[in-house]
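Biologist: I have a model open and would like to learn how to read its features. Could you walk me through a few of them?

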Amino acid sequence: MNSGTSAFLVPTEFVDSDSSEVRDFVACSLEGIGNLSETETAIRLFDAVRDRIRYNPFDVGTTEDDYRASRIAGKPSNYCVPKAILLTAALRAAGIPAVVGFADVRNHLNSPKLADLMGTDLFIYHGYVALWLDGRRFKVTPAFNTEMCERFGVRQLVFDGKSDALFHEFDTSSQRHMEYVNDRGWFADPPIGRLLRDFRTTYPKLWQSSVDRVQVRDAAFDGGR
């Protein structure tokens with residue numbers, strides 16, 4: 001490891017890689033596999049975050065606590081930003097330098113329901129992960145789980161430890177899919193406060209839908225006690 005990436009192993013407010021929840025997630029993901037190289041470990045953790053947490057763009061976290069890796073590790077579904085934060089934390093917990101990156105992407109196959117809530121096909125702050133293996137940097141996104149890809153004809157994202165694993169430009173029917181518009185760079189600890197402010201301004205309908213969803217869920221929980 002070089003000194004330039006050593007800072008990317010340190011736990012932070014949102015990438016709380018030293019938490020018991022993250023360490024349990026890593027242990028469960030690597031259980032029974034035996035001795036793995038760093039590259040093999042990174043691949044296993046990528047697969048675990050990609051497939052153990054289903055992709056759900058309709059339930060956007062509206063509080064900072066929703067974006068802590070320790071909180072994300074226990075959720076069955078989430079969208080790209082929390083999944084990228086969890087993978088970053090899991091990699092750090094396993095001794096692999098990693099940071100959270102953001103890019104604006106245009107989804108040419110956006111569903112009508114999501115397009116209505118967003119009011120656009122532009123996703124700001126799409127979350128990805130930059131990680132370092134043997135001195136090489138890779139960019140990966142564990143957003144879309146395999147089951148969802150198979151159901152909707154989207155190419156599965158596979159990280160092989162040799163090349164990046166980012167969104168494909170075309171789907172399995174050769175239709176235009178994802179277009180990277182702007183890279184916002186990467187962060188040792190993601191600027192969640194800024195992200196939440198921008199989300200609320202850019203996607204007011206999706207934001208309110210997520211707030212309403214939480215209120216309904218909390219009311220149901222309180223009513224069951």
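This is a predicted model: local features need pLDDT of at least 70, side-chain atom pairs count only at pLDDT 80 or more; totals for chains, interfaces and linings use all residues.

Biologist: Where does Q208 sit?

Modeller: Q208 belongs to helix α8, residues 204-223.

Biologist: Which residues touch the most other members of the largest nonpolar core?

Modeller: That core has 61 residues, and Y67, L131 and F159 touch the most other members. Helix α4 (residues 80-93) gives the most to this core, namely 9 residues. Beyond its neighbours within four places in sequence, Y67 contacts residues including V60, I85, I192, L195 and L196.

Biologist: Which residues of α7 are buried?

Modeller: In α7, residues 192-202, the buried ones include I192, L195, L196 and F199. They span an arc of only 95 degrees around the axis, so they lie on the same side of α7. The face turned away from that buried side carries the exposed residues R197 and T201.

Biologist: And how do I read a helix pair?

Modeller: Two packed helices are described by the angle between their axes and the distance between the axes. Here, the axes of α2 (residues 38-52) and α4 come within 10 Å and cross at roughly 150 degrees. Angles over 145 degrees count as roughly antiparallel, so α2 and α4 are roughly antiparallel to each other. Their crossing is right-handed. A42, L45, F46, V49 and R50 of α2 make the contact with K83, L86, L87, A90 and L91 of α4.

Note on methods. Residues are numbered from 1 along each chain as its sequence is written. Side-chain values use heavy atoms; hydrogens and water are left out. Helices (H or I, at least four residues) and strands (E, at least two) are DSSP runs, numbered from the N terminus. A nonpolar core is a set of buried Ala, Val, Leu, Ile, Met, Phe, Trp, Tyr and Cys residues joined through side-chain atoms within 4.5 Å. Buried means under 20% relative accessible area, exposed over 50%, partly exposed in between (1.4 Å probe, protein chains only). Contact means heavy atoms within 4.5 Å. The arc is that of the directions from the helix axis to the C-beta atoms. Axes are lines fitted to C-alpha atoms, for helices over the stretch in contact, and angles run from 0 to 180 degrees between N-to-C directions. Angles under 35 degrees count as roughly parallel, over 145 as roughly antiparallel, 65 to 115 as roughly perpendicular and the rest as oblique. A crossing is left-handed if the near helix is turned anticlockwise from the far one by less than a right angle, and right-handed if clockwise.
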